[in-house]
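Subject: Structure handover

Hello,

Here is the structure I said I would pass on. My notes on what was found in it follow below.

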Number of protein chains: 2
Amino acid sequence: MTTVEQATQIILSNALSFGEKKVPLHQATGRILREDLVADRDFPPFDRVSMDGIAIKFEYFEKGKRAFTVEGLQAAGAPKKALTEAGNCLEVMTGAVLPQGTDAVIRYEDLSINDGVATIQIENVRLLQNIHQKGTDQTAGTIIVRKDCLISPAEIGVAATVGKPQLLVSKKPRVAILSTGDELVDVDEQPLPHQIRKSNVHNLASAVSQMGVTANLFHLPDEKAAIREILREVLNGHDAVLMSGGVSAGKLDFVPGVLEELKVEKLFHKVSQRPGKPFWFGSNGSTVVFAFPGNPVSSFMCLHRYFKPWLYKSYGLPLLPVPHAVLAEDFIFKPDLTYFLQVGIEYGKDGKL
Amino acid sequence: MTTVEQATQIILSNALSFGEKKVPLHQATGRILREDLVADRDFPPFDRVSMDGIAIKFEYFEKGKRAFTVEGLQAAGAPKKALTEAGNCLEVMTGAVLPQGTDAVIRYEDLSINDGVATIQIENVRLLQNIHQKGTDQTAGTIIVRKDCLISPAEIGVAATVGKPQLLVSKKPRVAILSTGDELVDVDEQPLPHQIRKSNVHNLASAVSQMGVTANLFHLPDEKAAIREILREVLNGHDAVLMSGGVSAGKLDFVPGVLEELKVEKLFHKVSQRPGKPFWFGSNGSTVVFAFPGNPVSSFMCLHRYFKPWLYKSYGLPLLPVPHAVLAEDFIFKPDLTYFLQVGIEYGKDGKL
């Protein structure tokens, strides 16, 4: 039987790539960045005032001057002003350009202004204080964010800063989720006594949506010709096909045979794990098929353990780190299988999961 | 100054509610469930075959019979069949109704079938084996999922099972995010030397989108009449207004005064924390205003620390558990403020964050 490690390797070596497209910034969160974000100017782009107050030439303060005539106001968003008298000051607002001829900003809290004269009331003033100097965050031409990363709010902020109203991102995979079996009816139907509603495909579609992917749902009846026709079409139009059920040893499990007819090579069937032992995986080179067991816990586990890493690898992302947690009680499992235990995770006050 | 705890309490006591609506199942993931999910029938709704094989009446096996004539096939999705001869068997498929007159299922792996006779090759057969009995998961009428929870794939699976193609969920809040300051230009504009592009609002909108909420963006210029007009309209049309900048002590910070004119009561201004000290919060009863400091780290921190709990409380959800982590090195911070340290989180092999 294929081990969990072998199955993982086979799946990862069948990663695909989905191409690229441009999307507006407000739709880019959670997608995969495919271009470097480069500083188009210095950041800050000018010596930037970082407190409301007055701007002075520091050497006057150093020489003992405390009262400065206010020449005017340098507002944020206004072109750079200049002191006309080197020993005067300008009122300055947070975000404004530091006026020509000044090199220190004193906060309103540290001065009084009367009759157009600002008097500094503290003794501890430093050169360049309350000034965010040009280019100290980034210099023009620097790569601030490298491509091939997941776009979070931080990357959105950088993209906005460097003037990217659109971003080049990975296309998403076209994913189909297939239910199998004549016992299944749609959610909005009233099942007969021997029928049940489809639920597993909705559970899987929901989990896939949490990975940012919208899946298309299809159903395979227990009829070979119909299975062949639907599978052929689904394989043509999708990068990944997820199935739940349909690959066990049953008389009416036509799926493995039909997949073979359609040139989907079986890469493994059955993994030494519980749950999810009957997991089947194959590929025709352009579409991969994850045929999960019909049991909902199995298929959900397999989706997270196998499909998600495949998705990350296909996106060119590093695999997610695997958190370790401490079991609250012993768990003993005898068979020679990898066991995936369902647990609830709690955060201990000692930092322990 | 308001403490972090006081600020949190004030914000949570100003939680709102956004009303309810029905959404299709495939759009319900991540939303807040507002109805109980009740089993509309027993689950399983019938004694369900859980392995492919044959179904027999166990007492014949017990009496020593090993060869059973195959009467036919009970397929999944087919109405319940019955044995015509009590000592015969039916082939049964996973998911099928257990045929009338049978009470044990033997897997294909444990028998051989020749000339229409199935011969059982194992000795260890139990009554009711490989049968998922009617009602053992849930009995009709049981509440399976209680309302007022976040809808995950598990809830989607339950909703599908009990026949809910639509779910009653919380409406989302109408959130506005406002940039302030004449130094800002749009992302697609080429800034003049004294201008910078808006980025903070895009960062916040991205973070809010990760909470499932689409925000509307507005801009307040440094002009009192314009601020009044825009704020009046924004307050009318939104449940929460998030601002970055505009509430400091600057000469051109008209926002606090205008908010007061518009009957938005200031509930606190300045919190004893770093970053985010100048945080301002108010409400007019139907709309809350989070005026975050203009610094991007501050506003991002405040969004997560204050807006997110407000959102959860407004949705009627329990607050998220706060994970504890172990600092990798000492960090010393002197001022008498609550300090929010930016950290990277790693999962240790010993289960420690």
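**Interface of chain A and chain B**

Across the interface of chain A and chain B, 18 residue pairs are in polar contact, both residues being at pLDDT 80 or more. A polar contact is a pair of N or O atoms within 3.5 Å; within protein, one must be able to donate a hydrogen and the other to accept it, and residues adjacent in sequence count only if both atoms are side-chain atoms.

Before the rest, the ground rules. This is a predicted model, in which local features need pLDDT of at least 70 and side-chain atom pairs count only at pLDDT 80 or more, while totals for chains, interfaces and linings use all residues. Residues are numbered from 1 along each chain as its sequence is written, chains are lettered from A and ligands numbered from 1 in the order in which they are written, and side-chain values use heavy atoms, with hydrogens and water left out.

Back to the interface: 70 residues of chain A are in contact with 70 residues of chain B (contact means heavy atoms within 4.5 Å). The area buried between the two chains is about 5,100 Å², and carbon and sulfur atoms give 61% of it. Buried area is the accessible area (1.4 Å probe) that two parts lose on being put together, summed over both.

Between chain A and chain B there are 2 salt bridges (a side-chain nitrogen of Lys or Arg within 4 Å of a carboxyl oxygen of Asp or Glu). Arg197(A) and Asp40(B) meet in a salt bridge through their side chains, at 2.7 Å from N to O. On the side of chain A that touches chain B, α3 (153-161), β17 (196-197) and α4 (200-210) of chain A each supply at least two residues. The largest share of that side, 7 residues, comes from α3(A). Helices (H or I, at least four residues) and strands (E, at least two) are DSSP runs, numbered from the N terminus. By class, the side of chain A that touches chain B has 32 nonpolar, 22 polar and 16 charged residues. Here Ala, Val, Leu, Ile, Met, Phe, Trp, Tyr, Cys and Pro count as nonpolar, Asp, Glu, Lys and Arg as charged, and the others, Gly among them, as polar.

**Within the chains**

Over all chains, the structure holds 24 salt bridges. In one of them, Glu261(A) pairs with Arg228(A), with the closest N and O atoms 2.7 Å apart. This pair links distant parts of the chain, since Glu261(A) is in helix α6 (residues 255-261) of chain A and Arg228(A) in helix α5 (residues 224-237) of chain A, 33 residues apart.

In chain A, helix α1 (residues 4-12) packs against helix α7 (residues 296-315) at an angle of about 35 degrees, with the axes 9 Å apart. Axes are lines fitted to C-alpha atoms, for helices over the stretch in contact, and angles run from 0 to 180 degrees between N-to-C directions. Residues making the contact include Ile11(A) of α1(A) and Trp310(A) of α7(A). By class, this contact has 7 nonpolar, 1 polar and 2 charged residues.

**Backbone details**

The peptide bond from Phe43(A) to Pro44(A) is cis, with omega near -10 degrees. Pro44(A) sits in the loop between β3 (37-38) and β4 (48-49) of chain A. In chain B, the bond from Arg274(B) to Pro275(B) is cis, with omega near -5 degrees. Lys270(A), a residue other than glycine, has a positive phi near 85 degrees.

Regards
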